[in-house]
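Hi,

Here's the structure I promised to pass on.

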Amino acid sequence: MTRRLLQAALLGAACLLFLSIATPAVAARSALALEPAIGPPTAIIKAKGSGFAGREVVALYFDGLRIGSDVTNPNGKFNTQLTVPASARPGNHTVEAVGQSSGVSARALFLVRTDWLQGCFEGGRSCFNPFENVLGPGNAGALDVAWRAPVGANGGSSPVYANGKLFVGTADGLVGLDPATGAIIINYRSAPVSTTPAVIRGFDPQPDPPGKVIFGSIDGILHAASTDGRPLWQAGLGAAPASPLVIQVIDSPNERVVVGAGNTLFAFDGNGSRLWATVLEGGDISKAAAVLVEPPDPDRVIAAAGNTLYTLDAATGQIVWATTPSGARLGAPSIGNPNFIGEPNALVGDQAGNLFSLDPRSGAIVAAFAAGGPITASTAIGDPDQSDPWVVLGDGGGNTYAFDTVDAFPPPIWQAALSGPVVGPPVLANGVVYVATDPEIGDPAIFGLDQASGRVLFDGPLPGGVASSPIVADGKLVVATKS
C-alpha cells in the first residue's frame with residue numbers, strides 16, 4: 001500500500017486495518033498419475049494430469065516418444081488414455097506430460113512387466129504370451145542358464161510369474177522365488193502340491209492388499225496364500241485337485257476360482273466361499289478346465305472328465321452341454337484368448353492320439369486330426385492375425401505339429417520330430433515355440449522351435465526330467481525340473 005493510500009485509510013472512519021506484505025500468485029504444482037502403473041507392452045493406461053494451463057494442449061511422451069495428447073479443462077487438468085508401445089522392454093519407463101503453451105511438465109514412472117498368472121498363461125489355456133518382445137527367433141538360440149534353484153519341484157506344477165515373484169509347487173508346499181537370482185523368499189508349507197498355482201491380482205505394488213496364490217495339494221486341500229506368503233484360507237475337496245482356473249468376472253472386481261477334484265467341478269469366490277459344485281458323470285477330472293468368455297452371455301467353463309467334454313455356466317455350475325468325441329480318455333482342453341480369436345473353437349486331444357475341434361456353443365465336432373501318439377496336454381493357440389501358424393500340438397510320440405486353422409485340419413504347416421514324448425503343452429511367445437520332452441532313454445530336453453518353420457533354434461538338457469511345461473515372460477524362460 002502506497003504512503004498516500006495509507007494516509008487516506010488512516011484519515012477515514014474508525015476501522016480495523018490489517019497490513020501484510022503482498023505475495024505473488026504461485027502456480028499450482030504440476031502432477032501426473034498413471035493407472036495402472038504396471039502392465040505389459042500394449043497395455044492401455046489412464047493418464048491424469050493437473051497443474052497445467054487451462055485449455056492448453058498437453059503432449060504425452062513415453063521415453064521421449066510422443067504417444068498421445070489431450071486438452072486441459074479450465075482448471076488445468078486432463079484425463080486421457082494411452083497405449084504402452086509394443087516395443088517397450090521390461091523395466092521402468094518415464095511417461096512425461098508437457099504443456100505446449102505453458103511449458104509446464106510432469107513425469108511418472110511406468111513399470112513394463114508381463115505376469116504369467118496361471119497354467120497356460122490365461123483362462124483359455126492358450127499357452128501364448130502375446131506381449132513378449134525380448135526373446136525371439138533371432139536370439140533364442142543364445143539362451144543359457146542364468147541360475148538354478150533346488151526347490152524339490154513336484155510333477156504337474158508349472159511355475160507362474162506374478163507381482164515380481166516366481167511361484168511353483170513343490171513336494172513340501174509352495175515356494176516363491178526372486179526371478180533375478182532364484183533366491184527363495186517365500187516358503188509356504190503344505191502337503192505336496194499337485195497343481196500349477198493360479199494368482200488373483202492384488203493392488204500392485206504390494207502389499208495394499210497383496211494378491212492371492214491359489215493351489216491344491218495331494219491331500220485334497222485347496223489353499224490360498226497371499227503373494228507375500230501368509231495363509232489366507234483352505235477348502236477341502238475330497239480328492240487331489242487339478243490346476244485351478246481363475247476367472248475374472250466381467251465388469252466386476254470379483255473373481256471365481258474353478259477347480260476339479262475327483263469327479264466334481266467346484267467354484268469358489270476369491271475369499272474361499274463355495275459357490276457351486278457339479279458332479280460330472282464322465283469320470284475323474286485330472287486336467288485343468290478352460291474358460292470361454294462369450295459376451296453378453298455368461299462365462300462358460302469347459303472341462304474334460306474321463307472321455308466326456310462338458311461346458312458349464314460359470315456362474316451357476318449348470319451343465320450346458322456334454323459330448324463324447326471318442327471312447328478314449330481326454331486330455332486338457334483349450335480355447336485360446338477370445339481377445340484374439342473372437343468365437344474360438346474348443347480343442348481337446350485324447351489318449352488315442354486324436355485332436356478334436358468342437359463348436360463351443362453346441363459341442364459338435366467341427367474337425368479332427370490323427371496325431372502320432374497320445375495327446376494329454378492342451379494345444380497352444382496363438383493369434384490368427386499373425387502370419388505364423390498359430391495352433392501348435394505336441395504328442396506322446398515326440399511330434400510337434402503346427403496348423404493355421406481350427407475349422408479343418410489339413411496337413412500340418414510343419415511337423416517336428418523331437419527326442420521323446422512331449423511333456424506338457426507347447427508354449428508360444430514372439431515367434432518361438434517352447435517344447436519340453438521326457439524320453440525314456442537319454443536326457444530330457446527343452447527345445448525352442450521357429451514358429452514359422454519348425455526349425456530347431458536351440459535345445460538344452462533337463463537333468464532329471466521336466467516337472468511340467470515352461471513359461472516365458474519378460475525375456476526369461478523358466479522351467480521346473482524333477483531334480
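One term before we start: a residue is buried if its relative accessible area is under 20%, exposed if it is over 50%, and partly exposed in between, using a 1.4 Å probe and protein chains only. Keep in mind that this is a predicted model, where local features need pLDDT of at least 70 and side-chain atom pairs count only at pLDDT 80 or more, while totals for chains, interfaces and linings use all residues. Residues are numbered from 1 along each chain as its sequence is written, and side-chain values use heavy atoms, with hydrogens and water left out.

Let's begin with the loops. Strands (E, at least two residues) and helices (H or I, at least four) are DSSP runs, numbered from the N terminus. Between strand E3 (44-50) and strand E4 (57-62) there is a loop that holds Arg-55. Its phi is near 60°, a positive value in a residue other than glycine. Arg-55 counts as exposed because its relative accessible area is 62%.

Asn-163 also has a positive phi, near 55°, and isn't glycine either. You'll find Asn-163 in the loop between strand E10 (160-162) and strand E11 (165-170). Is Asn-163 buried or exposed? With 10% relative accessibility, Asn-163 is buried.

Another loop to look at is the one between strand E1 (31-35) and strand E2 (38-39), where Pro-36 sits. The peptide bond joining Glu-35 to Pro-36 is cis, with omega at about -5°.

Now for the aromatic rings. Rings of Phe, Tyr and Trp (its six-membered ring) pair if their centres lie within 6.5 Å; the pair is stacked if the planes are under 30 degrees apart, edge-to-face if over 60, and tilted otherwise. That rule gives 11 aromatic pairs. Phe-266 and Phe-268 make a stacked pair, with 6.2 Å from centre to centre and 25° between the planes. Phe-266 is buried at 6% relative accessibility, and Phe-268 is buried at 3%. Elsewhere, Phe-369, Tyr-401, Phe-403 and Phe-409 form one aromatic cluster.

Last, go to Thr-311 in strand E24 (residues 308-313). Thr-311 is buried, because its relative accessibility is 0%. What does Thr-311 touch, not counting residues up to four places away in sequence? Taking contact as heavy atoms within 4.5 Å, the residues that Thr-311 touches include Arg-300, Ile-302, Trp-321 and Pro-360. The C-alpha atoms of Thr-311 and Ala-289 are 9.7 Å apart, and these two residues are 22 residues apart along the chain.

Cheers
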